[in-house]
Every structure is written in structure tokens, then in C-alpha cells.
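Biologist: I would like to learn to read a structure. Could we go through it feature by feature?

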Amino acid sequence: MENKHITIFHGPQHPGITGNMSVELDLIGETIQKATTHVGYLHRGFEKLIERRTVIQAFTIVCRICVPEPDPNEANFAMAVEELAGLEVTPRAQYIRVMVLELSRLAAQFLWMAGQSGSIGLYAVGQWAIADRDLILDLFEELTGARVYHMYIYPGGVRRDLPEGFLERVSTLLTYMKKRLKVYDDIFINNASFKSRAIGVGVISKEEAVANGYVGQVLRGCGIEADVRKDAPYLVYNELEFEVPTQTAGDVYARALVRRDEMDQSIHILEQVVAKMPEGEVMIKMPTHRKFKLPKDDTWVKVESARGEFAYYMAGDGSEKIRRMQVRGPSLVHAFTLLEDLLVGAELSDVALIMNSLGICPPEIER
Amino acid sequence: METMMFKQIKSHFATDDVEVKRNDLYKVGVRHERLFELIHMLRDEYDYKTLNAITCTDWIEEGHFALTYMLTTEDRKHTFMIQTMINREDAHIKSFSHEFKQAEIMERDLHEMYGIDFQGNKNLKELSLENWVHTPPLRREFDTLEFVNNNLTFREGRDDNIDTKVESKRLRALKKAEKEAAKKAKEAAAAETVKDEEVKDGK
């Protein structure tokens with residue numbers, strides 16, 4: 001039959017795309033024969049900008065590298081600078097950082113829930129999840145003055161101490177979240193329509209996941225207990241108890257279950273942080289930022305973001321400016337190597353579903 | 001295990017450039033001709049199975065690019081940074097894309113930003129820079145401001161558009177004049193009062 005091949009663009013103007021990117025799909029009927037990822041819609045040249053700024057000026061940029069989850073960027077940046085400059089952060093600042101990172105992970109998982117449910121038409125879940133995420137953003141606003149881009153995890157500690165009664169408000173929110181997550185189990189995770197769409201779709205094998213450098217829920221959904229917080233603990237994660245949830249099926253549903261269990265673990269970590277929060281200073285004495293120089297050395301730091309391992313390479317050259325900072329988020333490999341492979345043979349209606357389950361965030365590819 | 005690995009690297013690759021950066025992070029410098037050999041050794045004998053990233057730093061003063069390959073063990077507890085220098089004027093190196101699938105996109109990214117030719121990578125087409133014919137933008141000699149001034153035009157704006165520099169200068173002058181006028185008026189009023197008082201006193 002002539003003209004049986006159709007080529008269409010999924011995105012960048014599409015509600016089912018996870019940000020400003022597009023996937024070019026070659027179809028026969030509804031089945032995908034070839035998928036090609038395209039980016040280039042929002043390159044902001046951050047890595048170039050950072051090379052021309054002082055360390056502290058560069059700090060204001062990094063949180064903008066990933067929109068749904070800015071805090072791992074701040075943590076990575078601060079940790080890399082501190083390691084190169086030989087600075088040590090106070091225990092209270094480390095606990096506050098863990099608190100911010102876990103709240104941010106919880107907020108990002110709510111956002112994922114909104115996207116994942118929206119990709120199969122369960123819009124009520126999305127509306128609720130966004131509303132619940134806003135409660136976390138309220139806390140961020142009180143703590144840092146900003147809802148999304150916090151600029152709070154500053155090299156040398158955190159920018160300000162906790163407001164009075166803040167930990168009690170975190171505890172109240174956690175109690176609410178614990179009750180609330182059961183509702184999401186009923187309307188989303190255990191929902192028959194989600195299960196029928198997600199089980200057996202977008203299956204990734206364990207061997208492929210390890211060999212190709214996939215991270216986060218993609219690995220954990222294949223049964224691999226990969227988590228930077230356990231494998232190479234940073235901050236005070238080795239003082240906290242938590243589990244790394246895994247599943248074995250490797251499909252969209254397995255990744256959803258892993259994310260859902262991770263939300264419980266984040267709440268568990270936050271409860272411990274609230275109970276154990278030490279007293280003391282939150283910021284060490286830092287040199288004047290114009291005179292703050294990094295030695296000629298390089299390092300590689302990583303944290304576990306809500307979507308998997310998130311790493312920074314940073315090199316100093318003895319001047320006030322950072323010589324090179326390269327971001328390695330989960331998205332570059334997931335959006336190209338993995339997505340282009342996984343979509344072959346899939347149905348057109350599953351593209352948004354699969355893409356959402358991989359945690360792809362285009363701003364982090366085009367940093 | 002680590003001691004044995006470092007010993008083997010030092011003796012096989014004639015380098016003393018092995019560094020323990022953290023308890024989970026090691027670094028070694030190696031000549032680019034022997035990069036493949038070292039990565040194969042680490043992968044086959046010491047379990048560094050996953051290529052996590054390839055990064056590039058431009059050392060323009062020294063005339064080279066520093067390429068760093070991050071390899072992680074299968075249990076993800078250790079990372080090895082393997083650094084090699086390549087000449088930045090004729091930047092090329094063999095591709096790893098046939099051994100690590102993820103290397104294809106990482107090399108494509110660096111090819112676009114630095115103009116490095118990864119020989120053997122079949123997919124070095126444009127990534128985010130459409131029809132780019134200028135210097136690859138992350139090379140140090142690429143001047144962002146100069147590029148903008150030479151290649152982009154600023155929008156003129158609306159008809160009633162005001163040059164903010166000229167306008168703020170005008171407003172400053174206006175404010176200064178007002179201030180001076182007020183000062184003069186105040187002085188004149190004070191002089192007037194003195195005069196009145198003198199008249200009143202009958203001087």
C-alpha cells in the first residue's frame with residue numbers, strides 16, 4: 001500500500017510532552033517504527049554564562065537548570081564549591097539541606113503524579129496533586145522567600161535559619177500528606193484504568209539499564225537498588241534510616257509504584273530530620289565574594305534527585321570564576337538513548353505515558 | 001583492591017597521576033592514545049561497567065581540551081574520573097559509541113559545543129543549535145557579547161520609545177534644577193525675612 005508511513009511531531013506544543021522538546025515519530029497505522037528526539041527550543045547557555053561570572057554570581061543561575069526540581073542543582077553546586085574550596089558545613093545546615101531536598105523531592109513527585117495521570121486522561125488526580133504540591137511550596141515560600149527557585153542552599157551553608165515554629169508546620173504537613181497519599185492510591189495507583197494502560201508498557205531490561213547508564217526509577221523499576229543516598233552518602237543521609245523501594249517488572253507501572261513508595265520514604269526521612277534537627281549556626285564565615293577563588297582542581301559531585309542521579313563536574317582555575325561546570329542530569333541519556341529505543345513498537349497513545357515515566361526534563365538537557 | 005588497581009594503572013600506563021579525591025572518587029590522567037586501553041582494563045578487571053558522563057574543559061592558555069570520562073562500578077559505590085588531553089586546534093578522538101550506547105549522545109553534545117570530532121560516532125548531527133556556522137559556543141574564544149553585537153539586531157521598540165539613558169539623564173538634570181530652584185527660593189525667603197526684621201527693628 002502506498003503512503004502507509006506517516007511522520008508526525010509529538011511536541012513541543014503538546015499537553016503530553018514533558019517540557020519544551022519534541023519527538024518525531026514515524027508511524028504505520030498507530031504503531032511507531034522510529035522515534036527521533038529533538039531539542040533546541042529553550043537553550044539558555046547557562047554553562048557558558050557560568051564561566052563568565054564569579055562563584056556567587058553563578059549560584060543564582062543553577063537553580064534554573066531544572067524547573068520542576070531546582071534544589072538538587074543548588075545542592076550540587078554548593079557541594080562542588082565547598083569541596084574545591086575546602087569548606088565544611090555545620091551539622092544544622094546539613095540537616096536543613098536534607099529537609100529542603102526531601103521536601104523538593106516530594107513536590108517533584110506530586111508534579112510527576114499530575115503529569116503521569118494527565119497522560120492517560122485522569123485529570124482529577126492532576127488537579128489534586130498540583131494543589132497538594134502547593135502546600136509544600138507554601139513552606140518553601142516561608143523558608144526561602146520563593147516558591148520555585150529558592151536560591152537557599154548557598155555555598156557555606158543555607159541562606160537563613162528556620163523561622164520560628166517551622167518544624168511544627170512541617171510535621172503538620174507530613175501528617176496531612178500521609179492521610180492524603182492513601183487517597184491517591186485509591187484514585188490513581190490502584191485505579192484499574194491506570195493499571196490497564198501502564199502494566200507491560202515501556203519495559204526496560206535490567207542488563208540494558210545498567211550498561212547504558214540509566215538512573216533513578218528506571219533502574220529501581222528493574223529491581224536494582226540504585227540510590228546515591230545509599231551508594232555514596234552525602235550530607236547526613238548515613239545518619240538517617242530509609243529504604244530504597246524497588247520493583248522488578250521494569251514497565252511504566254513498576255516505575256509508578258517505585259515513585260509512590262519513595263514518597264513514603266521521603267516522609268519518613270523528613271520525620272527523622274524534624275526530630276533530630278541539631279542547634280547551631282547555619283552558615284560558616286565565607287570570604288567576600290569578589291575575592292572568593294577556587295583552586296586549579298576539579299571534582300564530580302552527585303545527589304539523588306526525584307528523577308535519579310544528578311551530577312555536576314566542576315573545575316576551578318585559581319581565579320574568581322568557575323572554569324567549567326557541566327551538568328549531568330538523568331534527561332540527556334533518558335531522552336535520547338532510552339526514549340528513542342523504547343518508543344519503537346509502542347502505540348502512539350502511549351508516547352506521553354512512557355515519556356512521563358522516565359522523568360525527562362528538557363531544561364536540563366539544554367542548560 | 002584499590003591499591004592493586006592503582007599499582008596496575010601506574011605500572012601499565014607509566015603515570016603517577018593517580019589521585020584519590022574522595023573515598024568514592026578517584027582520578028587518573030592518561031595519554032589519549034591509551035585511553036581505550038585503560039577504560040577496557042577498568043571495565044573488564046575492576047567492574048567499572050557504566051559510563052556516566054563525558055565532560056570537556058577548554059584550557060585555551062595551554063592549547064588543549066581536557067576530556068574527562070566518568071566510569072562507575074556496577075554497585076555504583078565508586079567513580080573513576082579518567083582525564084585525557086587533546087589538542088584543541090585539531091580536536092579529535094576515537095568515539096566510544098560502539099561500546100557504550102549512551103556515549104553517542106554525550107559525544108554529540110560535546111561535538112556541537114566544542115567542535116570535537118569523535119571519530120566513529122555515526123550520529124554527530126546538530127543537536128540544539130540549528131544551522132550553526134560560527135565557532136562552537138563553549139570554546140573559550142567564542143565571545144558571547146561580540147557575537148550578539150555582530151549578528152543580532154536590537155528591536156527598535158514602539159514609536160514613543162524612550163532611550164532610558166537619555167531619559168534618566170534628563171530626569172536627573174530636572175531634579176537637580178528643581179532642587180537648586182528650591183534652595184534659591186529658600187535663601188531668597190530667608191533674606192526677605194531678615195530684611196523685614198531689620199525694617200521692623202527700625203535699623
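Modeller: Start with two helices. The axes of helix α3 (residues 71-85) of chain A and helix α4 (residues 91-118) of chain A come within 9 Å and cross at roughly 150°. That makes α3(A) roughly antiparallel to α4(A). This is a predicted model, where local features need pLDDT of at least 70, side-chain atom pairs count only at pLDDT 80 or more, and totals for chains, interfaces and linings use all residues. Residues are numbered from 1 along each chain as its sequence is written, while chains are lettered from A and ligands numbered from 1 in the order in which they are written.

Biologist: How do I read the helix names and the angle?

Modeller: Helices (H or I, at least four residues) and strands (E, at least two) are DSSP runs, numbered from the N terminus. Axes are lines fitted to C-alpha atoms, for helices over the stretch in contact, and angles run from 0 to 180 degrees between N-to-C directions. Under 35 degrees counts as roughly parallel, over 145 as roughly antiparallel, 65 to 115 as roughly perpendicular, and the rest as oblique.

Biologist: Which residues of α3(A) and α4(A) meet?

Modeller: Contact means that C-beta atoms, placed from the backbone, lie within 7 Å. From α3(A) come D71(A), P72(A) and A75(A); they meet R97(A), V100(A), L101(A) and S104(A) in α4(A). By class, this contact has four nonpolar, one polar and two charged residues. Ala, Val, Leu, Ile, Met, Phe, Trp, Tyr, Cys and Pro count as nonpolar, Asp, Glu, Lys and Arg as charged, and the others, Gly among them, as polar.

Biologist: At what angle do α5 and α6 of chain A pack?

Modeller: Helix α5 (residues 123-144) and helix α6 (residues 166-189) of chain A pack at about 170°, with axes 11 Å apart. So α5(A) is roughly antiparallel to α6(A). The residues in this contact divide into 11 nonpolar, no polar and four charged. Among them are L135(A) and L139(A) of α5(A), and L173(A) and F188(A) of α6(A).

Biologist: What should I know about phi?

Modeller: Most residues other than glycine have a negative phi. Now look at L235(A): its phi is near 45°, a positive value. L235(A) sits in the loop between α10 (228-231) and α11 of chain A. In chain B, N131(B) has a positive phi too, near 50°. N131(B) lies in the loop between β7 (117-119) and α4 (144-151) of chain B.

Biologist: Is L235(A) buried or exposed? And is N131(B) buried or exposed?

Modeller: Count other C-beta atoms, placed from the backbone, within 10 Å of the residue's own: 20 or more is buried, 12 or fewer exposed, in between partly exposed. L235(A) has 21, so L235(A) is buried. N131(B) has 5, so N131(B) is exposed.

Biologist: Where does Y69(B) lie?

Modeller: In strand β4 (residues 64-72) of chain B. Y69(B) is buried, with 24 other C-beta atoms within 10 Å. Leaving aside neighbours within four places in sequence, Y69(B) is in contact with I39(B), L51(B), I54(B) and I82(B). Y69(B) and M81(B) are 12 residues apart in sequence, yet 5.7 Å apart in space, C-alpha to C-alpha.

Biologist: How many residues are in contact between the chains?

Modeller: 26 residues of chain A are in contact with 29 residues of chain B. On the chain A side, elements that each supply at least two residues include β4 (297-305), β5 (308-316) and α12 (331-342). By class, that side has 12 nonpolar, seven polar and seven charged residues.

Methods
Contact = placed C-beta atoms within 7 Å.
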